[in-house]
Amino acid sequence: MKITKKLRTQLRFQHSTFVVLFLAVIGLLAFLSQRYSFESDWTTSQRNTLSEASHTLLKALDNVPSFTVYATEEDQVRKPINELLRRYQRALPNIDVNFVNPELEPDLVRELNIQVNGEIVIELDGRTEQVTQPTEQNITNAIQRIARSSDRWLLFVEGHGERKPEGIANHDLGEWGKQLQLKGIKFRSLNLADTPVVPRNTAALVIASPQLDYLPGEIAAIQQFLKEGGNLLWLVEPGKTHGLQPIAELLNLEFVAGIIVDPNTQLLGIDDPRFAIVSQYSQHPLTSDFTAVTIYPQATGINIKASDQWQHSVILQSTPRSWSETGAMSGQIELNSDSDIPGPLVLGVAMTRDVEITPVDESQDSSTTRKQRAVVIGDGDFLSNTYLGNGGNLKLGLNIMNWLAYDDRFITIPVKTSADLNIELTSTAKAIIAFGFLILLPLLLGGTGTVIWLKRRKR
């Protein structure tokens with residue numbers, strides 16, 4: 001094609017127009033990027049996005065928390081904290097984040113006892129919590145703690161050989177107690193011999209596997225607490241009820257003789273037959289989100305009796321192959337149709353009933369009705385220091401306490417891990433990589449260099 005002067009002018013005009021339009025589009029995109037933003041997390045484990053548990057907690061809050069970060073102005077200090085808090089702002093855009101240079105506010109730093117460069121002060125509903133290690137788990141747990149507006153306590157009955165919530169022995173509940181404190185659940189021990197009346201601000205009373213008999217006055221105190229609408233967690237062990245039979249009758253429950261035996265435990269590598277496992281759960285709020293297996297060493301079954309007051313819900317049940325062994329636990333253990341009780345057997349029961357609550361202050365309005373809650377588990381070992389880390393035992397224990405304390409909206413915040421940080425290779429894959437990098441690649445590079453040298457030599 002012949003290039004004329006007219007055609008050359010048209011081509012120059014087209015090129016100039018393209019350049020102008022291209023620059024205009026770039027400028028428009030730059031302008032829009034200042035007004036609007038779009039972010040997407042492409043990592044396998046979504047490590048740059050809040051977990052579903054954190055999202056659920058934030059959506060359940062009545063008010064919005066605010067963050068004040070006491071950090072010097074170095075980018076290596078502020079940038080990672082700002083990126084972490086931006087995840088919370090994406091979930092709740094009206095979250096306020098402020099950065100304060102502690103070097104410029106020494107009086108405020110002393111007043112708040114700021115100890116770490118990068119410490120975060122979270123404020124919600126007039127209450128504050130300080131986080132020294134900025135991670136999603138620590139921040140979300142802190143929000144959960146200060147969101148618990150109630151001053152009610154969990155009381156663990158003591159004086160009868162019960163499992164201790166701060167104990168370090170294998171059978172104690174110390175590790176569970178640490179998790180309760182981490183979630184903002186306050187607890188202490190209660191000796192009914194010294195305090196025969198359970199305080200009214202008790203969120204739930206915990207009877208954790210007693211080994212000695214209760215006195216009649218202590219039984220009466222527990223009965224009175226239940227009649228007044230108090231919530232209860234009772235961890236039962238096989239054998240004697242240690243004087244607590246009146247409490248079982250009040251709850252319309254009775255306990256199956258013997259210890260639950262489950263042959264399915266051998267599939268999990270457990271040789272001891274005195275273990276029960278639960279892998280299927282009901283749609284109760286305590287277990288509706290459960291997928292993990294929970295393990296119960298030396299558990300007892302529970303029978304539910306008809307009741308006009310209590311609404312019973314089975315939350316834990318052993319497998320169909322299980323049974324309650326009433327004979328000796330030695331030698332070859334097999335189901336005896338004459339004495340043993342075949343499964344499936346109820347391991348855990350959650351119950352509710354409507355009860356009238358009379359106000360302590362006579363000047364207040366008349367009595368109100370609320371939903372009383374109780375949970376009875378035929379085992380206490382599943383929450384002990386030895387077995388708490390197995391399967392979903394910890395999650396179940398925390399869910400039970402949240403439900404009893406009427407904190408249904410609070411859920412267990414898991415530790416968020418990144419699934420793509422570690423590479424797992426088979427022996428064959430390792431051998432191929434080693435052969436490729438140590439032998440094949442050097443030979444290939446050496447051969448390529450030799451060929452190039454020979455070609456250049458012939459020129």
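**Salt bridges, charged patches and local backbone features**

The structure holds eight salt bridges, a salt bridge being a side-chain nitrogen of Lys or Arg within 4 Å of a carboxyl oxygen of Asp or Glu. The model is predicted, and local features need pLDDT of at least 70, side-chain atom pairs count only at pLDDT 80 or more, and totals for chains, interfaces and linings use all residues. Residues are numbered from 1 along each chain as its sequence is written, and side-chain values use heavy atoms, with hydrogens and water left out.

One of the salt bridges joins the side chains of arginine 110 and aspartate 107, at 2.3 Å from N to O. Because arginine 110 and aspartate 107 are three residues apart in helix H4, about one helical turn separates them. Helices (H or I, at least four residues) and strands (E, at least two) are DSSP runs, numbered from the N terminus. Arginine 110 and aspartate 107 are both exposed, where exposed stands for over 50% relative accessible area, buried for under 20% and partly exposed for values in between (1.4 Å probe, protein chains only). A salt bridge also forms between the side chains of glutamate 175 and lysine 178, with an N to O distance of 3.5 Å. Glutamate 175 and lysine 178 lie three residues apart in helix H6, so about one helical turn lies between them. Glutamate 175 counts as partly exposed because its relative accessibility is 37%.

The side chains of arginine 163 and glutamate 237 meet in a salt bridge of 3.0 Å, N to O. This pair links distant parts of the chain, 74 residues apart: arginine 163 is in the loop between strand S5 (153-158) and helix H6 (174-182), and glutamate 237 is in the loop between strand S8 (232-235) and H8. Arginine 163 and glutamate 237 are both buried. A network of salt bridges links Arg163, Glu237 and Asp381.

Charged surface patches were also assigned. Patches are made of residues with over 30% relative accessible area and no salt bridge, like charges being joined within 9 Å. Accessible areas come from the Shrake-Rupley method with a 1.4 Å probe. Lys and Arg count as positive and Asp and Glu as negative, while His and the chain ends are not counted; the place of a charge is taken as NZ of Lys, CZ of Arg, CG of Asp or CD of Glu. A patch of negative charge on the surface gathers Glu73, Glu74, Asp75 and Glu103. Glutamate 73 sits in the loop between strand S1 (66-70) and helix H3 (75-91) and, at 55% relative accessibility, is exposed. A patch of positive charge on the surface comprises Lys455, Arg456, Lys458 and Arg459. Lysine 458 belongs to helix H10 (residues 427-458) and is exposed, its relative accessible area being 74%.

H9 is mostly covered, with 10 of its 12 residues buried, among them Asn393, Leu396 and Trp403. Just after H9, tyrosine 406 has a positive phi of about 60°.

Asparagine 113, although not a glycine, also has a positive phi of about 60°. Asparagine 113 occupies the loop between helix H4 (106-112) and strand S3 (119-124) and is partly exposed at 45% relative accessibility. For asparagine 252, phi is positive and near 60°. Asparagine 252 is in the loop between helix H8 (245-250) and strand S9 (253-255) and is buried, with a relative accessible area of 17%.

Note on methods: Patches are made of residues with over 30% relative accessible area and no salt bridge: like charges are joined within 9 Å, nonpolar side chains (Val, Leu, Ile, Met, Phe, Trp, Tyr) within 5 Å.
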